[in-house]
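Me: I have a model open and want to go through it piece by piece. Can you take my questions as they come?

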Amino acid sequence: MGSSEFALSVEGPIKKVKQQTGENQNKHKGVESATMLASVRYSYLQGLFKLLKLPFLPSYLDAQYKIKIKFNQQNELILLGLGADDRFKLNLSANKSQEQRYLLNILPEQSQWNYSVGAKYTHYFKESYLNLILSRNMLGNHAYKYENNNPDNPKRFDYNSTEAENKFRLEVSGRKGAWKYNYGLSYEYARYTNQTTQEISYPGSIDLVTIDYNSHLLLHKWGLFAQVSRGFFRDRLELSAGLRTDNCSYNSVMAFAIQDQLSPRFSASFSILPGWLVNFNTGYYHQLPPYTGLGFRNNTGSLVNKNRLTYIHNVHVVLGTEYQTKWNSRFSVEGFYKQYFNYPFQLRDSVSLANLGGDFGVIGNTDLISNSDGRSYGVELLYEQKLFKGFYGIVAYTLFWSQFKDRHGAFLPSSWDSRQVISLTGGKKFKYHWEVGARWRISGGQPYTPYDIERSSIVQIWNFYGSGLPNYDQLNSKRNPWFHQLDIRITKKWFFKKWSLELYLDVQNVYAFKSSQAPYLDLVYDKNNQPLFVSGSVPPRYQTELIKNRNGQPIPTLGFVISY
């Protein structure tokens, strides 16, 4: 239990039977043993955010379980499940500052729920085993925004979607002499629904266009896969090769162009000296575009992207080396290169989905085409110290570039191109069960697209959107400053005969660093809080200004954990 959440977990045997031996073991029927793990968390983070006078109030409830049933030495069953319910409400009382009022004006209220359940049955043969896996997962999203946050007013937009996937996989894994193998097949039945009502303005126009559609999409997906591996030179050299194919009933290309959706992969690991490895892997992978794009329909109900979308292709190459020391630590250096083809490209604004960022909102529910290319490459250095004389820690440094093409075919930084990331995590275990841990992160700023101020300030446009619109002619041409943050955790444990108590203090952003994000575009108001207009402008325009977007403050958490 902490200052932001309550958590409860239970773990232990459900049934335990005396071990059978010899012939009696093979004749044993029923359940030999069963274990269970379950946990639940409930957040009251919204209370803390309300005290901090933040304009948004998040909360969540999640639970999970795992049951393992062992029938005998040849058969076992694992049952898994997890679910969550997340809520995001507005704190309408936090409207004193200009920044608070701006966020209240643009942020939607939203809820998201999801669950996943599954079962894996395993049968062990002499030199192999068979897995049968059944699962179902479902996700629901609802986001909406009332004018002036008043439920009596019309909605600016209303988005409600569900995604459900029912999956089956059969796989066989085993060994034949020095060879290891794995092969199988998969099938998936997916259902996507979307009810959307919103108004948008196309570039170059001040008119608002209403988008109103209901979509119901059913998909069948299937695939085959196989992989073999073997060690050579007394296992100093490990080689592995695999092949996979994925198909989908969305359109004829995805369903029947099997040769275009083959995914070969290869890896190798060579032990140069004791403790020193060189690793290499490469592969060709495929991924479906988001359901929001696959299921988008126009106002007449046509599935407009059906003949324009195909699988996203990704080729990657990774080469690295790793050295394990005698003091329980390891060093590694790894370089990587990834290239993307057929990435979804938004026709309305002529921008790749990879450059739309991860802000609040829905991405992909528009006219798309699979013709965007991208690439990512860089190097990562890692030092990991496992527990040694009470100390442990990880130091990681990553230098990378992430780029996607713009409408003119030029590579530009993607919305995730922070370029450099440094992470230091470590701690020390002291006597009497005291422990101190810390994590310090520093990263380069992510790029962002500046506002199209001239278009955004048009009265008709601003009155609807209530915020600035991006100028995609200057796509990701600006960059935020560097970000860094220190988190510290202090833990004390007491152990009793049948239970234990853990007390902890966790402080995020210890030195209250305020990170700077892309500035907000807002209106200029007079002393009566009325917006000012640009004199003589045709069409009529508001006066606007850029305001700083800085946030960050220490967030302390005091909690305890009781274990039986």
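Me: Where does the model come from, experiment or prediction?
Reply: This is a predicted model.

Me: OK. How many helices and strands does the protein have?
Reply: There are seven helices and 27 strands in the protein.

Me: What box do the C-alpha atoms fill?
Reply: Along the principal axes, the box is roughly 95 × 65 × 50 Å.

Me: And what share of the residues is buried?
Reply: Of the 564 residues in the protein, 38% are buried. The accessible surface is about 31,600 Å², and carbon and sulfur atoms account for 58% of that surface.

Me: What about contacts, how many join residues at least 24 apart?
Reply: Taking contacts between residues at least 6 apart in sequence, 63% join residues at least 24 apart.

Me: Charges next. How far apart are the mean positions of the positive and negative ones?
Reply: They are 10 Å apart, for 64 positive and 45 negative charges.

Me: Switching to strands. How do β11 and β12 pair, parallel or antiparallel?
Reply: Antiparallel, over eight bridges. Strand β11 covers residues 262-273 and strand β12 covers residues 276-287. S269 has N279 in β12 as its bridge partner.

Me: What sits between the strands in that hairpin?
Reply: Two residues lie between β11 and β12, and G275 in this hairpin takes a positive phi near 85°.

Me: How many bridges join β12 to β13?
Reply: 12 bridges, with the strands running antiparallel. Strand β13 spans residues 312-324. Within β13, N314 stands opposite Y285.

Me: Now aromatics. How many aromatic pairs does the structure hold?
Reply: The structure holds 19 aromatic pairs. One of them is F56 with F88, which is stacked at 5.7 Å centre to centre, with 10° between the planes. This pair links distant parts of the chain: F56 is in strand β3 (residues 56-72) and F88 is in strand β4 (residues 75-90), 32 residues apart.

Me: Which residues form an aromatic cluster?
Reply: Y337, Y377 and W401 form one aromatic cluster.

Me: Back to helices. Which residues of α3 are buried?
Reply: Helix α3 runs over residues 98-106, and its buried residues are Q100, Y102, L103 and L104.

Me: What do those buried residues pack against?
Reply: The buried residues of α3 pack against β4, β6 (128-146) and β25 (515-523). Strand β4 came up above as the strand that holds F88.

Me: Last one, S43. Which strand does S43 lie in?
Reply: S43 lies in strand β2, residues 33-43. S43 counts as buried because its relative accessibility is 0%.

Me: How far is S43 from E5?
Reply: C-alpha to C-alpha, S43 and E5 are 4.1 Å apart in space, while in sequence they are 38 residues apart.

Methods:
Residues numbered from 1 in each chain as written. Predicted model: local features only at pLDDT ≥ 70, side-chain atom pairs only at ≥ 80, totals over all residues. Heavy atoms only, no water. Helix = DSSP H or I, 4+ residues; strand = E, 2+ residues; numbered from the N terminus. Buried < 20%, exposed > 50% of the residue type's maximum accessible area, 1.4 Å probe, protein only. Contact = heavy atoms within 4.5 Å. Areas by Shrake-Rupley, 256 points an atom, 1.4 Å probe, with all protein chains shown as cover. Lys, Arg positive; Asp, Glu negative; His and termini not counted. Charge placed at Lys NZ, Arg CZ, Asp CG, Glu CD. Pairing = 2+ DSSP bridges. Phe/Tyr/Trp six-rings, centres within 6.5 Å; stacked < 30°, edge-to-face > 60°.
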